[in-house]
Every structure is written in C-alpha cells, then in structure tokens.
Amino acid sequence: MKKNFYEELYKYNFFKKSGKPNSFKEEFKYIDNGMGLSSTDKSLHIKSKTWQTVLFASAVVFFFFLLIAKGLNLQIFDRTLFQNLADQNRIRSFIVQAERGVVYDRKKTIIVRNKPAFSIEMDTNLCSLQRSNLQLCLNVVDAVAEVVDVDRARVTKDLNAGKSYVVLANGLTKDQILPIEANLYLYPSISVAASPERDYLYKDIFAHLVGYVGYDDKSLEPLITGKMGIEESYNNYLTGVPGSKTLQVDSSGRTFELLSEKPATPGKDIQLYVDKDLQTKAYELLAKAVADKKAEAGVVVAQDPKTGGILAMVSYPSFDPNELSSGISSAQLSKLNNDPAFPFFNRAISATYPPGSTFKLVVSAAALVEKIVDKSTTIFDKGFIQVGTYIFRNWKLSGHGEVNFLRALQVSNDTYFYTVGGGFGSIKGLGIKKLAKWAKSFGFGSKTGVDLDGEVSGNMPDGLGKDWYLGDTYITAIGQGDVLATPLQVNNVTSYFANGGHLYVPRVAKSVDGVDLPHPKPIAEYLTDDDNYDLIRQGMKLAVLPGGTAYPLFDFSQRHPGIELAGKTGTSEYTDIKGEAKSHAWFTVFGPYKDPTISLTVFLEGGGSGADEAAPIAKELLDSFFAK
C-alpha cells in the first residue's frame, strides 16, 4: 500500500516540484526516511509511526493474553467437561438388562418366558451438545429409521424429556440390527445392546392376568418395568438387578477393549394358582359367545375356594401383550386405546355391573340371621306385589304360588326377596340400612384386595345422601338399581358358601422361587351360624337340580358321578347408550358340593339370561375341569 501511495505522489510530480531526484527508487527511499519534508511534517510523521507501533504492540499483547485465557479455560476450568466428552467418545458404558423371572401356572407350565432380542439405543449426551441442541440427535434418529422401524413421535418425546438414553427400537433380531452394528461409525451416539424380550406364550388368553412390560417412563435410563397384571404387581420380584458393561471403542464405534463388566442378576420365577387349561377353555368360550353375538363382552372368574387362589380370570375382548412388549408404535397404541370394545379393560376387577339375582345369596343370609324369615316362612306369589300405584313384578309373570325360603332360592323368586328386603304384608323386611350392612360385610362396596392393580370397589347404597323410597329397597334386594359389583366380588361370595364360611382375599400368585407367599387375613369369617349357612347352600343346590333355574346343569351329576353342584343364576337389566333395554347374564356355582375344589362365575355383558346363556358356558368349563 505504501508503494502505491508514493507512486501516486510521483504521478502528480510531487518530487519534481521539490527539485529532488526523479528516480522513483531514490524518491521512495527519500520520503520513507522522512527526508524532503519540513520539520513540522517530520514531527507528525514520527508521531504517526509511534502510534502505529503502540497499537500494533497492544493488539499483539491483547491476543496473546486472549489465547492464554482461552487455554486456561480449556485446560483448567473446563477440563472436566471436555475430558468427559473425550472419554465418552472412546469409552462407552451400557446397562445390561436383567432377564425377568419366568411365570408358571399351577402345574409348572410356562406362561411367560424370555427370548433373545436386541435394541438400538442412543446416548443423548453424545449427540445433543449437552442438551443445548437436539438436532443432531434427530438427524441420527432419521438415519436409523431408514434401516429399522422407529417410532419418531415417542423418541422425540423422550429426547425432550431429557432422558440420557433413548431406545430407538427394541425386540429386534440379529439380522435386523446387522446393518447398524456393522456401520456404527455412520451413527454417532448409537449402540446396539442385547435386550431380552418378553415372550407371552398364550397371548390374549392371559393378557389381563399377567399383563405386559415396557420401558419405565419415569426413569432416565432404559429400564424395563411391568405395566399391568402380575408383571406390574410383582415387578420387584420379576425384575432382577440390571448389570453394566464399560467398553473402549475405536473411532468407528467398534469395541476395542472390555474395561469392566457387572453381570445382571435374573429376576425371580413366579408360580400362579391359575390352571392354564381352564383359562384357555374359558377364553375360547367367551370369544365364541361374542362372535355369535350372544354377548358384547364377557368374564370368567374361578377360584380354589379353600385358598382364594385364582384358577382362572378371563376378560374378553383382550389384547396381545407381545405387541406392546416388543415396541408398539404410538399410532398402534392409540388405536387399541380408542377401540370401542375396550380390550385393555379388565372387566373381572375394573368393571361393575348390577349383580342381579346372585345378590340374593347375601339377602338370604341377612334375612335369616336378622330373623326376618326362617326356613318355613311362606309367601304367596301371584307374580307381583303392589304398593300404592307401583307394581313390582316377579320374573315369572304368572308367579310361583306358595314359596318358602328354599323354593325362593331354587326358582330365584323376586317377589319373595322384595318382601324380605323391603317388607310386605305381615313381614317387616330388612330395610336398606340392614341390607347395606350385610352386603358390605360380604365385601360389596369394597375392593377384595386381589393382587392385581386396577380393582374397583363397586357400590352398595345405604339410602343416605339422596331421596330413598320403598321401591328402591325392593329393587336393591334383587340386585338391581344402584347395587354395582365386579365379577370377582360375586365369585368371592360364592367361594364363601363353598368353603365353610371364609371370605378370602383372592390371590393370583402362589409362590416366588418355590417359596409360598403368605396369605392375607380373611376379609370376614362365619357371618352366619351353621344352620342358616347350610340352608343357603341347600337352596343353591336345588337351583342346579330339576325344578331350579340352572337347567343346563340338571344332568351334571349323571355325567360326573359323585360330583354335585350348587349355584345361582342371575339376570340384571340395564339401558344401553342407545336407550335400549338389555340384560346382563350371570351364573355362579361351586362343586363338588361336599368338598369344593372350584367356585366359578360366568358373566356375559349384554348377554341376556343367566340360565340360557351364562349357565351353558359354566357347564362346559366344569365338564372340562372335572374330566381331568
């Protein structure tokens, strides 16, 4: 730039006018030395050069100290941060998933096991620049999604939640992960891990009972946890203890050296009270009833009345837990959640319905103990009772004529139970308060305490908090109106009348690693004296014999010599969402009569009559159970 400046001066004859030599080379040197200038110009020229030197030196010093400060910051103050980042590039630590415990039925048949599988996981600390920018992580997700299916909506949610490890895909085979594993250098922050997958051998059949597993939404690590059923309520036993593995990797992400390893500890095995064959048969019969449009949904509950152990618990419609455990997409999950058949809904413990005439077992106990009636008390049923302008009809419109206590249970006479419940004529009746007290003592309005999450209490009205009329008491006495119960609650009452008077807490799990689990204290015991207890059992026995309501089982003892049954039919009316009058079908039964080994309840939602639809299913189940 200086030469160009002097050339311009020369061009305009600056030097020629000063009378100095005309050689450009000489002129350049002449001016550069400050010669040929006046004293004032020389002074300004020197000052200018001095300031330039000072400014240049200051700049050099400033940048020198800036570099020193930056170096100190990198090497001292941020040393830990960058050392960790460097270590993360060459050292990878992984959680090693523990195999969950195996689940067996009562005969040690495997219900749930594990099978080999792999997952693709992302260490978000390696791709998110300390979570200041997730775009690189999302780019990696897109790259992986070109090779395997990735639920991008779920992954994005996990990234935004600040999880340190995010599972992009799981339940993968060796062939599926090979393209990723062989080219890890193309996928920053990605690792492939062995992740045993849950294998539900009977799929829909045991779905509500055993549940399913998935990643723990509350954990920042990819930890598997139970989501429903036994998988959830016994998760602490089944989970085991995760292990860990630390590897040194090369620049492509391939393993270079194993630095440390802590083996995972498998979870504990659990044996259930459940009978696989009975469970399977119940599922098949319910599925057929719904397919044949005899019901909209259904439930089968069976217990060992001597222990409260659940022999079968089926809720239909159901779902395949394998789909959820292997990484279901958000879209598929949404479809299941919005299914009008409610496949996730365990109707055995989470749904409540009017129990219909099965509730008459409780009313019978109350009426006998409270001395409202005895075994010889008789009423005349003409098909209805009338109070003022209100008429309350028997299910048999022509009536049953003279009816005593045993006959009332045998034919499920509504008029008799209207009378003992609310009173009529010379019979005082229990009244709603005593009805509520007795029903609650038998477990209505309370959870049974079964070892499954999601149980509801149902409802037992006591006449308080609302206008209550005699007609409400009549309706309550036959298990209609505001009385709501789960199928498990009804089955528990049946077990009480089977086992000698014990209202047990139902149990699904029998033992853990071969050690029997302790039994909870019974809910109630000996609510009636022996004579009244036996009288109710006799009425139940008559119900499954000729002249009773459970006609499909009249010949059961002939087909299974030595095995007598006792049961109760039930039909409860309701109005559906379209305003149409429909009915639910109930049948509950136990046997053998003298030494019961099973109590069984069949419920058909929108299934019509208990005798016509529910009892035939119970018959097939009992045929199968006692044929062994």
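## The chain as a whole

Welcome: the protein chain here has 24 helices and 25 strands, where helices (H or I, at least four residues) and strands (E, at least two) are DSSP runs numbered from the N terminus. This is a predicted model, in which local features need pLDDT of at least 70 and side-chain atom pairs count only at pLDDT 80 or more, while totals for chains, interfaces and linings use all residues. Residues are numbered from 1 along each chain as its sequence is written, and side-chain values use heavy atoms, with hydrogens and water left out.

Of the 628 residues in the protein chain, 49% are buried. Buried means under 20% relative accessible area, exposed means over 50%, and partly exposed is in between (1.4 Å probe, protein chains only). The accessible surface of the chain comes to about 30200 Å², and 55% of that belongs to carbon and sulfur atoms; such areas come from the Shrake-Rupley method with a 1.4 Å probe, and for residues only the protein chains shown count as cover. Among contacts with a separation of 6 or more, 69% are between residues 24 or more positions apart. Contact here means heavy atoms within 4.5 Å.

## A covered helix and a buried serine

Helix α16 (residues 360-369) is mostly covered, with nine of its 10 residues buried. Among them are K360, V362, S364 and L368. Just after α16 comes K371, which takes a positive phi of about 60°.

S511 sits in strand β20 (residues 509-512). With a relative accessible area of 3%, S511 is buried. Setting aside neighbours within four places in sequence, S511 is in contact with D269, I270, Q271, D516 and L517.

## Salt bridges

A salt bridge is a side-chain nitrogen of Lys or Arg within 4 Å of a carboxyl oxygen of Asp or Glu, and by this rule the count comes to 25. In one of these, the side chains of E231 and R100 meet at 2.9 Å, N to O. The pair links distant parts of the chain, 131 residues apart: E231 is in helix α10 (residues 229-233), and R100 is in the loop between β1 (91-96) and β2 (103-104). E231 counts as buried at 1% relative accessibility, and R100 counts as buried at 6%. R100, R198 and E231 are linked in a network of salt bridges.

D623 forms a salt bridge with R559, their closest N and O atoms being 2.6 Å apart. D623 lies in helix α24 (residues 610-626) and R559 in helix α23, so this pair ties together parts that are 64 residues apart in sequence. D623 counts as buried at 18% relative accessibility, whereas R559 is partly exposed at 34%.

## Around L565

L565 lies in the loop between α23 (556-559) and β23 (566-575), and is buried with a relative accessible area of 4%. Leaving aside neighbours within four places in sequence, the residues in contact with L565 include K541, V544, F556, F590, Y593, L622 and F626. L565 and L622 are 57 residues apart along the chain, and their C-alpha atoms are separated by 9.8 Å.

K541 also meets E564 in a salt bridge between their side chains (3.3 Å, N to O). E564 is in the loop between α23 and β23 and K541 is in helix α22, so the pair ties together parts that are 23 residues apart in sequence.

## An exposed aspartate

D531 lies in helix α22 (residues 530-543). At 64% relative accessibility, D531 counts as exposed.
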